Structure formats: structure tokens, C-alpha cells
Amino acid sequence: MRRSLAVLVLALAVAVSPKLAAAEETRITVLHTTDVHGSLLPWDDLSNRPAARGLARAATRIAKVRAEGNPVLLLDAGDAMSGAPLVSVWQRDHAGLPHPVATAMNALGYDAMALGNHEFDYGPAGIDTARATSRFPWLAANVVRRDGSPAFAPSLVKELNGVRVGVIGLCTPAVPLMADSAQWSGYKFLSPIDVARKEVARLRGAERCDVVIALAHTGLEKNPRTGEVRKGDAPGENFGHQLASEVPGLDVVILAHTHEALPFANVGGAVVTQAGRSAEGIGRVDLKLTRVTPTSPWKLARPFAGYAAFGDSTAT
């Protein structure tokens, strides 16, 4: 009798003990594009022939990933709103019609976009017009107005399957070195590293984020494998390596600007990735989190990142 009672007590202890109970698991998928430069259709305007690119091709891949069933966070790392003849024509006389790239991104359900240097191509008025069409926030924590007030949202926080994900947006501070002053009139560019440290601390603290992602319109200033420094950059133009290695609390760093496709790299404590250009492919980061009880903190396993280029057979 005593032995049966002991077995029963042990069984109950196993059933209710958080340490012995099966851990709860959830998965989140992050999809990202960058340097789209107005590429909507699978067509190369310069060569005037079909090309495996464009948000129309990306739409097919995005729909397939969403059909997998996990929550999807869809991001763009900047330089989306200009660069194609369609956009140039629209800018000359849009006749009250919405911005074509922002309209396409709305239809695809983008959650946020980081501000790129080419978002300044048409000056503050062009930025205001494109933002008015956008149903997603433009993020740039290090771009402020002349009086120091925020010019754009610094970050986005979304709760997905009970997981709080923070996304901080950063823009290359070299815009004043690459564009006419009239294009960035009224804005100041702060140190992205200093701003990122403060914003990541806020996201981890006050916002209680379980995952923090940097969505940065900048590239790697040096090769993460060889340490070779990139040549020909303006001062401060690319700071991706410094961002990943010197800003604590970042889990994922999504880069842009250099038009390179970087499926995966480990820099510092973060996973670094970049999705090429012109929507010629799409980047993907898979997040897996576990927790012991509903009140326990989520624990993030090492994220897996990759990049898939579109082929001629990718549907539109």
C-alpha cells in the first residue's frame, strides 16, 4: 500500500513539476527583402527583357511560407521606393495616384521597412508622399529632425504566438556624403551604434522583447571570415560588422545597401544575413523558442538564416 502511494505521489509530482514537464515550443519565420529599387515585375528595364526578379515573384514565395502555418514577419531593409522608370514617371506626375512600390508592399503585407539612402532621392516631400501610401512603418532610429525630435519610428514591437519581437531600424549615416543637401534637408543623422545600444536596451527592458532584430540599411564594412576591410566606402557608410559585434542584445542583424546576398554569418553574438537586390530573391530567418511554463521567459535557440534566389520558373 505504501509503495503504491509513493508511486502515485511521484506521478503527480512529475505531472505538475515545471522542470519535468514538456517545454512549450513555438516557431516564427522572418522574411526579408532589400534594395528592391522599384522592381515590381520580372523584367529588366535596362536590357528590356525578362528577369528573375521583382516583388511579383516574391509574392509567390511569401504566400508559400505563410501557408506553412507559423507566424511570419515580413521586413524590408530599405532602398525600396526609387530606382525604376515606373517610379520616376510617377514622381513627375502621379495625378493623385498612390506610390506604386508602397502599394505593392501594402498588398504583400509588409510589417516594416528600414529607411535607405535612396528613400531621400526625391527629398522630404517625396518621403512624405511615399509614407502616406505605406500601411507599414518606416523605421530609422538614428534619423531625427533638426530639433532632435524623432523623424521616423525607431522600432517596431510585434507579439507573435506570445513572443515579443522587437525590430530596430537604422539608416546609413553617410547620406549627407552621398546626396545633395536639398534631398536630406531638415534631417540629422546620429551614430547608429550609439542609438542602437540605447534602443536595444529599451526593447529588452521596458518593451520586454524576447527577440531583437536590427533592420539596418548598411552593409558589412569587413569580411566576417577573413577580416578584410571593404574598400571605397564613404566614412561610416557601412557598419554592419560593428553593429553585430559591439551592440549587445541583438539576435539577428538584417543588412542591405551593398547589394550582396549573404545567407548566413555569425558575428559577435548575432546571426547576420542580407538579401541581395532588386527582389532577385528573398531572405529567411527561422526562430525557434521554448519555455518551461506559460510564465517563464522564452529561450531562443540559435536562429537559422538563408537566402533563396528566384529562378525563371518562380511563379508570379
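Asp76 is found in strand 4, which covers residues 72-76; helices (H or I, at least four residues) and strands (E, at least two) are taken as DSSP runs and numbered from the N terminus. The model is a predicted one, in which local features need pLDDT of at least 70 and side-chain atom pairs count only at pLDDT 80 or more, whereas totals for chains, interfaces and linings use all residues. Residues are numbered from 1 along each chain as its sequence is written, and side-chain values use heavy atoms, with hydrogens and water left out.

Asp76 is buried and yet has no salt bridge, the nearest side chain of opposite charge being that of Arg66, 12 Å away. Here, buried means under 20% relative accessible area, exposed over 50% and partly exposed in between, with a 1.4 Å probe and protein chains only. A salt bridge requires a side-chain nitrogen of Lys or Arg within 4 Å of a carboxyl oxygen of Asp or Glu, and in assigning charge Lys and Arg count as positive and Asp and Glu as negative, while His and the chain ends are not counted. The side chain of Asp76 is instead joined to that of Thr33 by a polar contact of 2.6 Å. Such a contact is a pair of N or O atoms within 3.5 Å; within protein, one must be able to donate a hydrogen and the other to accept it, and residues adjacent in sequence count only if both atoms are side-chain atoms. When neighbours within four places in sequence are left aside, the residues in contact with Asp76 include Thr34, Val36, Met105, Tyr110 and Leu215, contact being defined as heavy atoms within 4.5 Å.

An open sheet of six strands, with mixed pairing, has the order 8-9-11-12-14-13, two strands being paired if DSSP finds at least two bridges between them. Its edges are formed by strand 8 (155-160) and strand 13, each of which pairs on one side only. The twist from one strand to the next averages 20°, where axes are lines fitted to C-alpha atoms, for helices over the stretch in contact, and angles run from 0 to 180 degrees between N-to-C directions. Strand 13 (residues 261-267) pairs with strand 14 (residues 270-275) in the antiparallel sense over five bridges, and Ala265 has Val272 of strand 14 as its bridge partner. Two residues lie between the strands of this hairpin, in which Gly268 takes a positive phi near 60°. By contrast, strand 12 (residues 252-255) and strand 14 pair in the parallel sense over four bridges, with Val252 standing opposite Val271. Helix 7 (residues 192-204) lies across strand 8, strand 9 (163-171) and strand 11 (211-217), and runs at about 165° to strand 9.

Most residues other than glycine have a negative phi. His37, in the loop between strand 1 (24-33) and strand 2 (43-44), has a positive phi near 50° and is buried, with a relative accessible area of 14%. Ala279, in the loop between strand 14 and strand 15 (281-291), likewise has a positive phi near 50°, and this residue is buried at 2% relative accessibility.

A search of the whole structure finds 18 salt bridges. One of them is formed by Arg291 and Glu24, whose closest N and O atoms are 2.9 Å apart; because Arg291 lies in strand 15 and Glu24 in strand 1, the pair ties together parts that are 267 residues apart in sequence. Arg291 is buried at a relative accessible area of 15%, whereas Glu24 is partly exposed at 33%. In a further salt bridge, the closest N and O atoms of Glu207 and Arg164 are 3.0 Å apart. Glu207 lies in the loop between helix 7 and strand 11 and Arg164 in strand 9, so this pair ties together parts 43 residues apart in sequence. Glu207 is partly exposed, at 23% relative accessibility, and Arg164 is buried, at 16%. A salt bridge of 3.5 Å, N to O, also joins the side chains of Glu246 and Arg197, linking helix 8 (residues 240-246) with helix 7 across 49 residues. Both partners count as partly exposed, Glu246 at 38% relative accessibility and Arg197 at 34%. Finally, salt bridges that share partners join Glu159, Arg164, Glu199, Arg202 and Glu207 into one network.
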